[in-house]
Amino acid sequence: MELIGYWRSSAAYRVRIALNLKGIDHQKLFCDLRAGEQHSEGYKLLNPQGLVPTLINAEGVRLTQSLAIIEWLEEVYPNPRLLPSNTVERALARAAAMEIACDIHPLNNLRVLNYLRGTLAQPEAAVQAWIGHWISTGLESLEARFAGTSGEFFFDASPGVLEICLVPQLYSARRFGIDVTKYARLLRAERAAAELPAFQLAAPEVQPDARV
Ligand SMILES: N[C@@H](CCC(=O)N[C@@H](CS)C(=O)NCC(=O)O)C(=O)O
C-alpha cells in the first residue's frame, strides 16, 4: 500500500494515525502542497480533486477522502476497532468526526484560504479572523458535547475515529495561533493519544518530508 500525503496535511495525518493504529505496513509518498504539486497533471491523474491524501491499495486502487479511507481500512482490517461496537455510539463517533472533517477543516483548507487571499483580495487580518472563527466555533461545540464525560478517550478505552480527527485538528489550530487551552476535555483525549506510538509516529514533524 502507498499513502500519498504531505506532512502538514491534517487529512493525511488522520490516515497516517489510522494506518499506524492498525499496524498496516505501507510506503509513504509525498505531494508538496506548498510547491503546488497537488495541481500537477501527474497527481491529478491519481486524485482529480488535487487534494491529499490518496491511498493506493495493494490492488492498485486509488482511494481518496480520509474518512472514506479510514472506513475502508476499518472494513478490511477490523482489528483494532476504530469505531465503537454499539451502533448508536458508532453514529455518535462518526458524527463528531464529521464535525471536524466536514465542518471545520474544509473552511480552512489551503485552497479556501488562497481564494480568500487571492481572488477575493481579503486582507490577512480578515483571513485570520475567518480561520479563528470557524475553528473555535467547531471546537467549542465538540467541547460542549463531551464536557463531563469520563475516561481519556471519547467512546472506548482506546482511540478511534474521533481522536484520529481531533489530534490533527488541534495541531492545525495551534499552527494558526488559536488558543485551545479552554477545551479541557478535548485536550485530555489529545494528551492520552500523544502517549501512543501510533500518534507519535504520525506527527507532522517526524514525517520524512517535514520542513520544520
Ligand atoms: N475531505 C478531504 C480533504 C482533503 C484536503 O483538503 N486535503 C488538503 C490538505 S489537509 C489539501 O490537499 N489541500 C490542497 C489545496 O488546498 O490545494 C479528506 O478528508 O481527505
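This is a predicted model: local features need pLDDT of at least 70, side-chain atom pairs count only at pLDDT 80 or more; totals for chains, interfaces and linings use all residues.
**Pocket, ligand and cavities**

Visitor: Which residues that line the largest pocket are the closest to its centre?
Guide: The largest pocket has a volume of about 800 Å³. Of the 39 residues that line the largest pocket, the closest to its centre are Leu51, Val52, His105, Asn109 and Leu110.

Visitor: Which helix gives the largest share of the lining of the largest pocket?
Guide: Helix 1, helix 3 (66-76), helix 4 (87-104), helix 5 and helix 7 (161-175) are the elements that give two or more residues to this lining. The largest share, six residues, comes from helix 5.

Visitor: Where does the ligand sit, and which helix gives the most to the shell around the ligand?
Guide: The ligand is in the largest pocket. Helix 1 (10-22) and helix 5 (110-117) each supply at least two residues of its shell. With three residues, the one that gives the most is helix 1.

Visitor: How many residues surround the ligand?
Guide: By class, the shell has six nonpolar, eight polar and two charged residues. The closest are Gln38, Val52, Gln65, Ser66 and Asn109, and the number of residues around the ligand is 16.

Visitor: Which helix gives the largest share of the lining of the largest cavity?
Guide: The whole structure holds two cavities of 30 Å³ or more, and the largest cavity has about 80 Å³ of space. Its lining has 13 residues, and Leu82, Phe155, Gly160, Val161 and Glu163 are the closest to its centre. The largest share, three residues, comes from helix 7.

Visitor: Which strand gives the largest share of the lining of the second largest cavity?
Guide: The second largest cavity has a volume of about 60 Å³. Among the residues that line it are Leu3, Trp7, Arg16 and Phe30. Strand 1 (2-5), helix 1 and strand 2 (27-30) each give two or more residues to this lining. The largest share, three residues, comes from strand 2.

Notes: Residues are numbered from 1 along each chain as its sequence is written. Side-chain values use heavy atoms; hydrogens and water are left out. A residue is near a molecule or strand if one of its heavy atoms lies within 4 Å of it. On a 1 Å grid over the protein atoms alone, a cavity is a set of points where a 1.4 Å probe fits but cannot get out, and a pocket is an open set with protein on both sides within 12 Å along at least five of seven lines; lining residues have an atom within 4 Å of a point. A molecule sits in a cavity or pocket if more than half of its atoms lie within 2 Å of its grid points. Helices (H or I, at least four residues) and strands (E, at least two) are DSSP runs, numbered from the N terminus. Ala, Val, Leu, Ile, Met, Phe, Trp, Tyr, Cys and Pro count as nonpolar, Asp, Glu, Lys and Arg as charged, and the others, Gly among them, as polar. Grid points are joined across faces, edges and corners, and a volume is the space filled by probe spheres set on the points.
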